[in-house]
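Here are my notes on the model you sent over. Have a look at the structure first, then read on.

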Amino acid sequence: MLVHRTWLFTFGMVLLNVHLSCAYQILHPFGKPGIQPLVLNITADPNTKRAFYYARFTGPPDTKAMFDGTFRKVSTSRIFSEFEAVAIFSLRTTTNRRIVLTSPFTTDLLWLEYDVNQSIYQTEFDRIPCEFEVKKSQDYGAGIVQYSVRAENCDVDNRYNSNKSITTLITQIKKSGEKVMYSLNNSFFTPTPPDYIFDYCNMTGGSTGSGFHGTMTMNIKKMATDDVEVRPPMFFNLNVRDKPLQALAWGFMYITI
């Protein structure tokens, strides 16, 4: 009986130590992006050189916008709210207009950019079909943090008539005052990163058909020793059509370690 109790105590201590040395967290449960476009109407008047812009979105109640116009909440519920963006743009300057929506609570991101020189009446958007999950694991003893992203049903090319589509992870490394962008498989037009980056972080994975799986591993112990900052990764999908410019990007931006 004493041996049995001793074994149970030892086993319990092992489990406790494993629990204390490793942590596992789901940052975004498997599901669709939290911010979705609903309506976009652009009425361009070549005579007055002005364009009227109206868009409607659904998202978490704390959704905010970077937008050169009026952005307001028009209805709300406990989980989701609806928002509208309204503006009148001059066509005498740049005709590319962008709205970026973010939710600090869910860290969802939606980016729409359009050429307002041409009228667009898109009264219905298909919901962004992609579903994704973001996980974080940490080994306190080794000083290692790993982010893992899995996405499915991300084939949106036909839905948004895009001729360029990118799904990737991207981060920023700061060492001795120098900031360097680093993306998975160098897929986001980032320059080839200096070799020292791989002492602190590494990314693996990529797209497979309509799916995606990627990981980013960070050595936070070495980062602290060398006074290096590495941002947790941003995961996003970008779809672009060149002429006229139409860009839709959505993602998950986890901005704290």
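1. A term to start with: a residue is buried if its relative accessible area is under 20%, exposed if over 50%, and partly exposed in between (1.4 Å probe, protein chains only). Helices (H or I, at least four residues) and strands (E, at least two) are DSSP runs, numbered from the N terminus.

2. Keep in mind that this is a predicted model, where local features need pLDDT of at least 70, side-chain atom pairs count only at pLDDT 80 or more, and totals for chains, interfaces and linings use all residues. Residues are numbered from 1 along each chain as its sequence is written, and side-chain values use heavy atoms, with hydrogens and water left out.

3. Overall, the protein chain has three helices and 18 strands. Of its 257 residues, 44% are buried.

4. Now for strand 18 (residues 246–253): seven of its eight residues are buried, so the rest of the structure largely encloses this strand. Strand 8 (residues 108–115) runs antiparallel to strand 18, with seven bridges joining them; DSSP has to find at least two bridges for strands to count as a pair. Within this pairing, Leu112 has Leu248 of strand 18 as its bridge partner.

5. How far can you trust it? The predictor's confidence in each residue, pLDDT, goes from 0 to 100. Its mean over the protein chain is 80, with 79% of residues at 70 or more. Strand 5 (residues 70–76) has the highest confidence, at 94, and helix 1 (residues 2–21) the lowest, at a mean of 43.
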